[in-house]
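Keep the structure open while you read and look for each spot as it comes up.

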Amino acid sequence: GVYLSKVKVYEDRQEELAVNNNAVFAFLVDVSYKRRIFEVFLDAFLITLAYYASYALIFGSFEGTANWTLFVSTLPVLIVLKLSSFLVAGVYRGIWRYTGIGDLVTFAKGVFLGSGLSVLAILLLYRFQNFSRTVFVADTFILLMLIVGSRLAFRVFRQILPAGNPVDGKKVFIYGAGDGGEMLYRELRNNPAWEYQAVGFIDDDPLKLDKVIHGLRVFDANGTLPEILGSKDVQEILISFKEITPENLERMKEICRNSHISLRQAEMRIEPIDLD
């Protein structure tokens, strides 16, 4: 399911989404993508689960009691209000595999807005008689954990599934075990069509020696590097940063010449475009 969710079967509608930068409109346009429908049903299930877990946590087994009647009668109201709050807060505008800190803030806004509207609705409809305030406090935090967990789980599955590195791709070392190197590794993993297989990192910083990044060891860029290149059957070294000293560049060139491998600088550049 995780793999198939990444298969593109619909034409892009990003132009329409960009022109109308509105959470509700974006959701309505994007609803043609079946994954959005799955998200709505998943969130409806999580809302139900969180509400039920809150009652069970506070009252234990409550089926067949007065609390069960309150739970069943108010559940539809909570589902509608919380899904609407998620929509307004922009929860359905994100892409799961890119979930970050900013998205977690969005999830929190949606959950707290939905909980606030739910309490207000129950206050207006039932005057909050026989309802436990503790249940709604617990429900808010349980739902937040479920929503965040469901989104982050997709990133975990994506890392576990062998979808990135082709086993028959060109084996490369990434020169630079910093932010640039980690970003380059993710680009190689997310673009299997490039046919690169990262097998390790190299760095001049002795403090990074033998550390591990995404399961790959960081080797010393000095000393025994030629022997390491041979043992790993490396075919190319990718330099992940721009600010390399002339001395280090010449040294890497010499090592690559002697080892009969390629050297490439993989850097991101922002070039101006002549509008005339």
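1. Let's begin with Leu 113, which counts as partly exposed because its relative accessibility is 36%, a value between the 20% and 50% cut-offs. You'll find Leu 113 in helix α5, which covers residues 101-126. Keep in mind throughout that this is a predicted model.

2. Now look at what surrounds Leu 113 on the surface. Together with Val 88, Leu 117, Leu 120, Leu 123, Leu 124, Leu 125 and Tyr 126, Leu 113 forms a nonpolar patch there. Which helix gives the largest share of the patch? That's α5, with seven residues.

3. Next, go inside. The largest nonpolar core has 31 residues, and the ones with the most contacts inside it are Tyr 51, Tyr 55, Phe 86, Phe 131 and Leu 143. Helices α3 (34-59), α4 (66-89), α5 and α6 (133-160) each supply at least two residues of this core. The largest share is from α4, which puts in eight residues.

4. Is Ser 150 buried or exposed? Ser 150 counts as buried because its relative accessibility is 16%, and the cut-off for buried is under 20%. Ser 150 has its place in helix α6. Along the chain, Ser 150 and Leu 42 are 108 residues apart, yet their C-alpha atoms are separated by 8.9 Å.

5. Time for the strands. As background, strands of a sheet pair through backbone hydrogen bonds, and they can do this in a parallel or an antiparallel way. Here, six strands make an open sheet with mixed pairing, in the order β3-β4-β2-β1-β5-β6. The edges are β3 (212-213) and β6 (262-265), each pairing on one side only.

6. β1 pairs with β2 (residues 196-203) in the parallel sense, over six bridges. To get from β1 to β2, the chain passes through helix α7 (residues 179-190), and this β-α-β crossover is right-handed. β1 also pairs in the parallel sense with β5 (residues 236-239), over four bridges.

7. Last one: how many bridges join β2 to β4? There are three, and β2 runs parallel to β4 (residues 216-220). To spot this pairing, find Phe 201, which stands opposite Val 218 in β4.

Terms used. Residues numbered from 1 in each chain as written. Predicted model: local features only at pLDDT ≥ 70, side-chain atom pairs only at ≥ 80, totals over all residues. Heavy atoms only, no water. Pairing = 2+ DSSP bridges. Right-handed = clockwise from strand over helix to strand, strands pointing away. Patch = residues over 30% accessible without salt bridge, like charges linked within 9 Å, V, L, I, M, F, W, Y side chains within 5 Å. Areas by Shrake-Rupley, 256 points an atom, 1.4 Å probe, with all protein chains shown as cover. Salt bridge = Lys/Arg side-chain N within 4 Å of Asp/Glu carboxyl O. Buried < 20%, exposed > 50% of the residue type's maximum accessible area, 1.4 Å probe, protein only. Core = buried A, V, L, I, M, F, W, Y, C linked by side-chain atoms within 4.5 Å.
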